[in-house]
Each structure stands twice: as C-alpha cells, then as structure tokens.
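Q: Could you walk me through this structure?
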Amino acid sequence: MSPPLSSLGEFGLVALFERAAQARHPATRVGIGDDCAVLDLGGLERVLLTTDLLLERVHFEAAWLSAEDLGHKSMAVNLSDVAAMGGEAVAALLALGLPPGLEVAWVEGLRDGLVGCARAYGLELVGGDTVSAPGGAVVCLTVLGRAPADEVVLRSGGQPGDRVLATGPLGDSAAGLHLLRGGGAGLAPEDRAALLLAHRRPEPQLALGRELARRRLAHAMIDVSDGLVQDLGHICERSGLGAELDADGLPLSAAARRLAALEGLDARDWALSGGEDYRLLFCVPGGLAAEAERVCRGLGLEAAELGRLGAGRGVRVRRDGQVSAPADQGFDHFGPRGAR
Ligand SMILES: [Mg+2]
C-alpha cells in the first residue's frame with residue numbers, strides 16, 4: 001500500500017514535483033523552489049509567476065475573515081511573493097470555487113477586497129475561472145510580475161557572513177489568530193484591533209523588495225509566510241548555508257507583547273513559528289547593512305538585524321543565552337499538526 005501524504009509533509013510533496021520537472025524549458029530561469037518562478041521570455045526583464053490557494057476551513061473560517069478581508073488577503077499573499085523576488089506586480093488571474101448558496105453580497109465583498117488590494121499595488125485582474133464548490137469556498141490567485149533580469153533576488157544567493165534583516169513587527173498575525181481562536185480576554189481594544197488587522201489585512205512589502213533589488217542590497221530574500229525559522233530555513237537550504245537567529249532581537253509589537261503577558265505565553269514563539277506576517281526577510285552583506293537600514297527608514301520601516309548566515313545547515317535559535325535547533329520549524333499543511 002502507498003503511504004499517506006502526511007508521511008511526506010508539505011515540502012516532501014513539493015519535492016515530488018520538483019524531481020519530476022527536470023526537463024526544463026529554455027525560458028525557465030528558476031523553477032519550483034523559490035517565491036516565484038522566473039522566466040526569460042526575451043528582453044531585459046524577467047517574468048515572475050506565483051500562485052496561492054486559500055481554502056475555507058483550512059486557511060480561514062468564514063466567521064473570522066470578512067469576504068473583503070479574504071479578497072485582500074489572497075491578493076496580498078501573492079504580491080508578497082513577487083515582493084520577495086524584488087519584482088513589480090503586473091496582472092492577476094482568479095480561479096474561484098464557491099458554494100451555490102452563497103450570498104451575492106459576500107462575493108461582492110470578496111471582489112472589493114481583491115480589486116482594492118490590486119489597485120493599491122498597481123496591478124490588474126485580467127481573467128480567471130469560476131466553478132461551483134459545494135464543500136466550501138476556494139480562492140486561487142495567480143500573479144504575474146516582472147523585474148529587470150539582473151535585479152531578481154533568489155533564495156539561493158545567500159553568502160556566509162550575510163546579515164539577516166527583517167522589518168517588524170513579526171508575530172502579530174499569529175497573535176491575531178490566537179485572538180480569533182478565543183484567547184485574549186481582557187486585552188485592550190486598540191491592541192486587539194491592531195493584531196486582528198495584522199492577521200486579516202497583511203500588506204505586501206513591494207516597495208521595499210523593489211528598492212532592495214534595484215540597489216542590489218540583498219543577496220537573498222524571502223517573505224515570512226510560514227514562520228521566521230522555517231522561511232530562513234528555506235534560504236539556508238537553497239544557499240547551502242546555516243544561520244543563527246537571535247530570538248532576543250526579534251521586532252515584536254507592544255500589542256503582541258501585552259497579549260503574550262496576559263496569556264502567560266512568549267510572543268517570540270509567534271514570530272519564530274507563527275507565520276503569515278508577509279514581511280520581507282533579506283540577507284545583506286555586512287558592508288551594505290547600514291544602507292539597507294537607510295532604505296527601510298526611507299520607507300517608514302525599521303529594520304531589525306536577526307542574525308547571520310554561516311557554515312552548517314539549518315537554523316539555530318539563540319534564546320535567553322541558549323542555542324538550539326527548534327524541532328517545530330513552522331507550519332506544514334500535511335504534517336502532524338494538520339490543516340490550520
Ligand atoms: Mg513566499
């Protein structure tokens with residue numbers, strides 16, 4: 001009997017396809033394994049291609065996210081992958097599976113969220129497909145982007161000694177999810193609102209990604225979608241390096257800290273393994289770190305130095321003076337923790 005998918009895990013599943021996709025089209029510059037595929041269709045620009053699938057009850061509970069939030073979020077998570085390549089987003093295709101009994105007003109909300117986010121970041125919805133999905137809503141968005149050929153930033157470009165930087169806050173989205181799951185009784189309304197907003201309305205860092213790429217400041221880049229440890233782990237794996245992360249230097253928001261204190265939890269865990277922050281994590285040569293920080297400040301962002309790339313494999317976390325390789329490196333759709 002064939003073993004179940006859960007024995008492979010999400011990344012084992014992707015690897016199954018990656019191994020089979022060896023016969024490369026000459027246009028493929030980067031295939032499976034980065035935030036976007038990179039295609040060379042001629043000329044001085046590269047085409048960036050990415051897709052994301054959101055499923056009701058796996059990624060969202062209809063009661064937790066309004067239709068408009070869902071529309072915004074599905075657009076934002078795709079744009080975040082374009083940002084992670086240093087690209088600019090151009091166009092989107094939407095594939096939609098919806099239960100026939102759904103109210104038209106809900107679909108209009110979804111549309112407004114999608115189109116509003118697209119408009120805010122300068123791209124257009126240019127087509128798609130719809131199907132009846134009695135089991136629950138399915139939203140699949142594909143985004144096409146572009147970047148100058150010599151400015152595309154990959155996960156694989158990290159060098160030993162690179163500083164690992166990110167702009168905060170990290171962990172707010174997971175803290176917001178904690179609230180949606182019923183936690184946080186007694187939290188101040190403004191903290192609650194800020195954390196819920198971070199979870200429901202992530203904003204892709206397209207301007208930052210583009211600026212870092214244009215100035216060639218980042219050797220490697222990824223967006224924080226699965227959790228800091230796991231996402232930095234992807235850079236390490238693709239760059240053939242290891243990294244040490246300083247958990248005491250994480251950019252945590254005051255709201256997340258207050259929620260954690262109230263619940264007897266550690267807000268650093270939300271940043272390390274929570275995911276869905278959609279902030280950029282980038283690796284900068286030591287001599288360019290100050291310039292990268294200046295670029296962040298110019299965009300109204302504060303860069304935090306989280307660690308360094310170095311020899312070895314995987315991500316080690318320094319926390320309260322102790323260094324360890326965390327067993328829980330983030331979310332896996334097919335792993336033991338199952339679908340969220
Ligand atoms: Mg990504």
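This is a predicted model: local features need pLDDT of at least 70, side-chain atom pairs count only at pLDDT 80 or more; totals for chains, interfaces and linings use all residues.

Q: Which residues of H4 are buried?
A: Asp-172, Ser-173, Ala-174, Ala-175, Gly-176, Leu-177 and His-178 are buried, that is, 20 or more other C-beta atoms, placed from the backbone, lie within 10 Å of their own. Helices here are DSSP runs of H or I with at least four residues, and strands are runs of E with at least two, numbered from the N terminus.

Q: What do they pack against?
A: The buried residues of H4 pack against H5, H8 and helix H9 (267–273); contact requires C-beta atoms, placed from the backbone, within 7 Å.

Q: And what covers the buried residues of H5?
A: The cover includes helix H2 (67–83), helix H4 (172–180) and helix H8 (254–263). Among the buried residues of H5 are Asp-191 and Leu-195.

Q: Changing topic, what is the strand order in the open sheet of 7 strands?
A: The order is S8-S10-S7-S11-S9-S12-S13, with mixed pairing; two strands pair if DSSP finds at least two bridges between them.

Q: Which strands stand at the edges?
A: Strand S8 (220–223) and strand S13 (322–324) do, each with a single partner strand, so one side of each is left without a neighbour in the sheet.

Q: How many bridges join S12 to S13?
A: There are 3 bridges between S12 (residues 314–319) and S13, and these strands run antiparallel. Val-317 stands opposite Ser-324 in S13.

Definitions and conventions. Residues are numbered from 1 along each chain as its sequence is written. A residue is buried if 20 or more other C-beta atoms lie within 10 Å of its own, exposed if 12 or fewer, and partly exposed in between; C-beta atoms are placed from the backbone. Two residues are in contact if their C-beta atoms, placed from the backbone, lie within 7 Å.
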